Amino acid sequence: MESVGSIILYVVVAVSIVVFSVLAVTTRKILRAATYLLFTLFATAVVYFMLDFEFLGAVQIAVYAGGIVVLFVFAILLTSHPGDNSSRLTSKRRLLGLVGALAMLVVTGWTLLSRCALYASKPAMENPDMKQIGQTLMGTGDGQYLLPFEAISVLLLACIIGGVVVARKR
Amino acid sequence: MFCCGLYGFLTRRNMIAMLVSLELMLNAVDMNFVIFNRFLFPGAMEGMMFTLFAIGIAAAETALAIAIIINIFRSVHNIDVRELNQMKF
């Protein structure tokens, strides 16, 4: 049985995720969209903390809120003039987007509700501690992830070099 | 959240706004992985590991996309996808 406080926290976080993500795609100032995206990412990190994945929440805050949003803000300030709004959308394109999004919402919501997943209680689990995470990340045995880890390091290196080459002045 | 991202990706015509929508969608998928891991397979760490790798790849992809966008802006002084209809400058 969960306590009342955690239920209240869950409701607050869920509502803030929905509201800020709607605002992030509907606001017309692009810098505000980036700020709402930041709030959504923080709320997602809170969800990870509530689900006992502390390491994942910390990674979410560090990488997304610390890295990606700063990149977004720099790119926005480099590529747009302050104070201009995006133009108003044509109704046909807005209608197309709304129909697609609502169809997706109906399908996923119906699937979740038909499985009665809404009232599932949280099964007991102790937090994965740092030693366990490190061994899973760096081990070579069954269910351990050394090869994807190395692949992602090569990918990041290639991304760094590619970013420098693409953004370089000729 | 995924639906919001989908709506934004279909309707926005500024490249950075489309990238924001893309991040929303990626984030929703990550959250699904973590929640299903927590509720269906407590004690296992597959969903968490997948989310970790997804966050890493998302960071790489965003950095590269922003580099490309800045380069396009330097060439044509515009990042509106309606007006990017040529590949050679």
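Tutor: Helices are DSSP runs of H or I with at least four residues, numbered from the N terminus. Bear in mind throughout that this is a predicted model.

Student: What pattern does chain B follow along its sequence?

Tutor: The secondary structure of chain B comes to three helices and zero strands. Read along the sequence, the pattern of chain B is α-α-α.

Student: And what pattern does chain A follow?

Tutor: Chain A has zero strands and six helices. Along the sequence, its pattern is α-α-α-α-α-α.

Student: Which element of chain B has the highest mean pLDDT?

Tutor: Chain B averages a pLDDT of 72, with 65% of the residues scoring at least 70. Among its elements, helix α1 (residues 2–11) of chain B has the lowest mean, 50. The highest mean, 82, belongs to α3(B).

Student: In which helix of chain A is confidence highest?

Tutor: The mean pLDDT of chain A is 77, and 79% of its residues reach 70 or more. Confidence in chain A is lowest in helix α5 (residues 130–138), at a mean of 72. It is highest, at a mean of 85, in α2(A).

Student: What ipTM does the predictor give the complex?

Tutor: Two scores are given for the complex. The pTM is 0.78, and the ipTM is 0.75.

Student: What percentage of the residues of chain B is buried?

Tutor: A residue is buried if 20 or more other C-beta atoms lie within 10 Å of its own. In chain A, which has 170 residues, 21% count as buried. In chain B, which has 89 residues, the buried share is 45%.

Student: Are α2(A) and α3(A) roughly parallel or roughly antiparallel to each other?

Tutor: The axes of α2(A) and α3(A) come within 8 Å and cross at roughly 175°. Angles over 145 degrees count as roughly antiparallel. The two helices, α2(A) and α3(A), are therefore roughly antiparallel.

Student: How many residues of the contact of α2(A) with α3(A) are nonpolar?

Tutor: On the α2(A) side, the contact residues include Ala34(A), Leu37(A) and Phe42(A), while those of α3(A) include Gln60(A), Tyr64(A) and Phe72(A). The contact has one charged residue and three polar ones. The number of nonpolar residues in the contact of α2(A) with α3(A) is 18.

Student: Is Phe42(A) buried or partly exposed?

Tutor: Phe42(A) lies in helix α2 of chain A. Because Phe42(A) has 19 C-beta neighbours inside 10 Å, it counts as partly exposed.

Student: Are α3(A) and α3(B) roughly parallel or roughly antiparallel to each other?

Tutor: The axes of α3(A) and α3(B) come within 10 Å and cross at roughly 10°. Among the residues making the contact are Val63(A) and Leu71(A) of α3(A), and Ile55(B) and Ile66(B) of α3(B). The residues of this contact divide into 16 nonpolar, five polar and no charged. Given the angle, α3(A) and α3(B) are therefore roughly parallel.

Student: Is Ala67(B) buried or exposed?

Tutor: Ala67(B) is found in helix α3 of chain B. Leaving aside neighbours within four places in sequence, Ala67(B) is in contact with Gly163(A), Val166(A) and Ala167(A). Because Ala67(B) has 20 C-beta neighbours inside 10 Å, it counts as buried.

Student: With which residues is Leu137(A) in contact, leaving aside its neighbours within four places in sequence?

Tutor: Leu137(A) lies in helix α5 of chain A. With 16 C-beta neighbours inside 10 Å, Leu137(A) counts as partly exposed. Leaving aside those sequence neighbours, its contacts are Tyr145(A) and Phe149(A).

Methods. Residues numbered from 1 in each chain as written. Chains lettered and ligands numbered in written order. Predicted model: local features only at pLDDT ≥ 70, side-chain atom pairs only at ≥ 80, totals over all residues. Buried ≥ 20, exposed ≤ 12 C-beta atoms within 10 Å, placed from the backbone. pLDDT = per-residue confidence, 0-100. Axes fitted to C-alpha atoms, helices over the stretch in contact; angles between N-to-C directions. Parallel < 35°, antiparallel > 145°, perpendicular 65-115°, else oblique. Contact = placed C-beta atoms within 7 Å. Nonpolar A, V, L, I, M, F, W, Y, C, P; charged D, E, K, R; others polar.
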